[in-house]
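Biologist: Let's go through this one together, and I'll keep asking how you know things. Ready when you are.

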Amino acid sequence: MGTPRVRFAPSPTGYLHIGGVRTALFNWLWARKTGGAFVLRIEDTDRERSTEASRQVIFDSLRWLGIDWDEGPEVGGPHGPYCQMERLALYKEYAERLIAEGKAFRCYKTRDELDAARSALKEKDPKAEFRYPREWREQTARPGEPHVVRFKVPSEGQVTYVDKVFGEVKTPNAAQQDFVLLRSDGVPLYNFGAVVDDVTMGITLVARGRDHMVNTPPQILLYEALGAPVPEFAHLPMMLNQKGAKLSKRDGAVGVFEYRDKGYTPDAVLNYLARFGWSFGDQEVFSKAELVEAFDWASCGRGDGKFDEKKFLAVQHEHLKSPARLPDETYVEYMRPFVEARGLTFDPAVVRGSLVMVRERARTLVEAAEAVDYFLRPTPVFDEKAKEKALVPESAPLLLDLADRLEATEPFDAGATEATLHALLAERGLEMKRVAAPVRVALTGRASSPGLYEVMALLGKATTLARLRAGAALSVAGASAAGT
């Protein structure tokens with residue numbers, strides 16, 4: 001079939017679902033691995049629910065993830081337009097062609113007549129499946145009267161194809177009905193619109209969720225009726241919630257931007273989604289480049305999987321921990337909006353200096369921003385319980401003594417501050433735990449933090465001394481307040 005051409009065809013009816021991103025990703029990976037083309041098109045025939053805002057969310061979400069498209073809206077290409085509502089004349093042309101060749105027909109049976117027939121069948125046999133009663137297949141047209149266009153499904157034979165994931169699939173034609181191609185308003189139904197678009201855009205592989213396998217046999221019949229090459233198919237296992245049902249909004253964050261706002265990185269999102277239904281030995285963590293190199297359809301599984309937020313978060317954490325996958329410069333810039341969302345002035349030098357303390361601890365960029373908060377404030381925000389427990393009257397002389405000793409400490413780095421603190425402990429005959437808690441709370445406002453010496457070095461001498469002395473004052477003030 002020549003150079004591979006794949007497509008992602010979402011409907012702009014809301015947020016971009018995480019399951020849709022997985023479909024886009026697998027198509028994109030194949031295009032990038034093979035040097036093929038990744039086409040984005042918009043299936044906006046649901047006019048009541050489709051919105052321009054939702055369409056923009058699709059574009060922005062894909063761009064945030066780094067999934068670029070070679071043809072499609074905002075990019076262009078030789079097979080446009082790439083939105084279905086701009087292609088209605090094309091669908092009409094193909095429908096008329098099928099009618100002229102005796103492969104489709106105009107059906108004048110109204111919705112009320114069909115509903116009445118369904119009701120009559122249900123009364124006669126509640127378990128019977130309603131089938132379109134093919135009465136207009138060979139009748140004369142009624143010019144000017146409302147009608148739909150239906151496809152003439154062969155009564156005999158079967159559709160057979162080899163799915164790149166599920167293997168050979170056979171469907172008897174007798175199990176299918178004369179399905180609608182065009183509604184009376186000229187808008188195509190899904191199967192017809194998708195096939196006409198795939199034919200005219202030269203799509204060579206259709207990869208999508210397993211729930212679309214029901215659409216594949218009628219689509220293959222349409223390809224054959226149009227005399228077009230039948231593309232390859234790859235159907236992907238479904239994303240389910242923890243109860244085994246189809247993943248939906250009620251299960252939590254399933255929109256791309258929800259994970260962006262929770263502090264996930266694009267590559268971590270792609271990594272987790274790639275591993276959902278695909279494997280590469282025992283490797284769990286991948287960069288985007290590694291995914292492109294390793295991806296193939298043979299390693300896709302057939303079994304549906306349960307969406308696991310804990311595993312997703314673990315993958316995210318692995319990406320944040322690794323400078324090889326997330327260089328310091330990128331990490332720092334990723335943190336900018338999350339730091340600023342806390343009302344802080346973003347200081348790249350301070351944030352970068354904190355990474356050695358933040359990488360192992362922070363699982364998301366939200367947590368990373370929270371972890372560097374006290375480095376960027378003039379004074380720390382105190383955890384009240386930590387303050388009440390650590391900044392007690394007997395802490396004041398220790399904090400003041402340490403501040404005086406540190407004032408003379410040069411150079412003011414982690415090694416020198418450690419030596420100074422250990423000298424204080426030795427002279428006073430104290431254990432580290434007796435001094436560490438008040439020092440930590442005075443410096444950070446928190447009961448836990450990275451290593452004290454690294455914290456002091458990044459805060460710098462002036463800020464460290466000021467916070468230790470302020471902590472001593474709070475210790476005394478707390479005691480006075482308690483006494484009153």
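Modeller: Let's start at Gln176, which is found in the loop between strand E6 (167-172) and strand E7 (180-182). Keep in mind that this is a predicted model.

Biologist: Why is Gln176 called buried?

Modeller: Buried means under 20% relative accessible area. Gln176 has a relative accessible area of 8%, so it counts as buried.

Biologist: And which residues is Gln176 in contact with, leaving aside its neighbours within four places in sequence?

Modeller: With that exclusion, its contacts are Arg131, Arg134, Val153, Val159, Thr171, Pro217, Pro218 and Leu221.

Biologist: What makes a set of residues a nonpolar core?

Modeller: The members have to be buried, come from the list Ala, Val, Leu, Ile, Met, Phe, Trp, Tyr and Cys, and be joined through side-chain atoms within 4.5 Å. The largest such core here has 85 residues, and Phe192 and Trp297 have the most contacts inside it. Helix H1 (residues 18-34) gives the most to this core, with nine residues. Apart from it lies another core, of 49 residues, including Met335, Leu402, Ala436 and Val455.

Biologist: What does Phe192 touch, once its neighbours within four places in sequence are left aside?

Modeller: Phe192 is then in contact with Tyr91, Tyr94, Ala95, Leu98, Leu181, Leu182 and Leu222.

Biologist: Zooming out, how many helices and strands does the chain have?

Modeller: The chain comes to 20 helices and eleven strands.

Biologist: How do you know whether the chain is spread out or a compact globule?

Modeller: Set its radius of gyration against the globule rule: the rule gives 23 Å for 484 residues, the chain has 32 Å, well over that, so it is more spread out than a compact globule. Along the principal axes, the C-alpha atoms fill a box of roughly 105 × 50 × 35 Å.

Biologist: How much of the chain is buried?

Modeller: Buried residues make up 49% of the 484. Of the contacts with a separation of 6 or more, 75% are between residues 24 or more positions apart.

Biologist: And what about charge?

Modeller: There are 65 positive and 68 negative side chains, with the centres of the two sets 4 Å apart.

Terms used
Residues are numbered from 1 along each chain as its sequence is written. This is a predicted model: local features need pLDDT of at least 70, side-chain atom pairs count only at pLDDT 80 or more; totals for chains, interfaces and linings use all residues. Side-chain values use heavy atoms; hydrogens and water are left out. Buried means under 20% relative accessible area, exposed over 50%, partly exposed in between (1.4 Å probe, protein chains only). Helices (H or I, at least four residues) and strands (E, at least two) are DSSP runs, numbered from the N terminus. Contact means heavy atoms within 4.5 Å. The radius of gyration is taken over C-alpha atoms; the globule rule is 2.2 Å times the number of residues to the power 0.38. Lys and Arg count as positive and Asp and Glu as negative; His and the chain ends are not counted. The place of a charge is taken as NZ of Lys, CZ of Arg, CG of Asp or CD of Glu.
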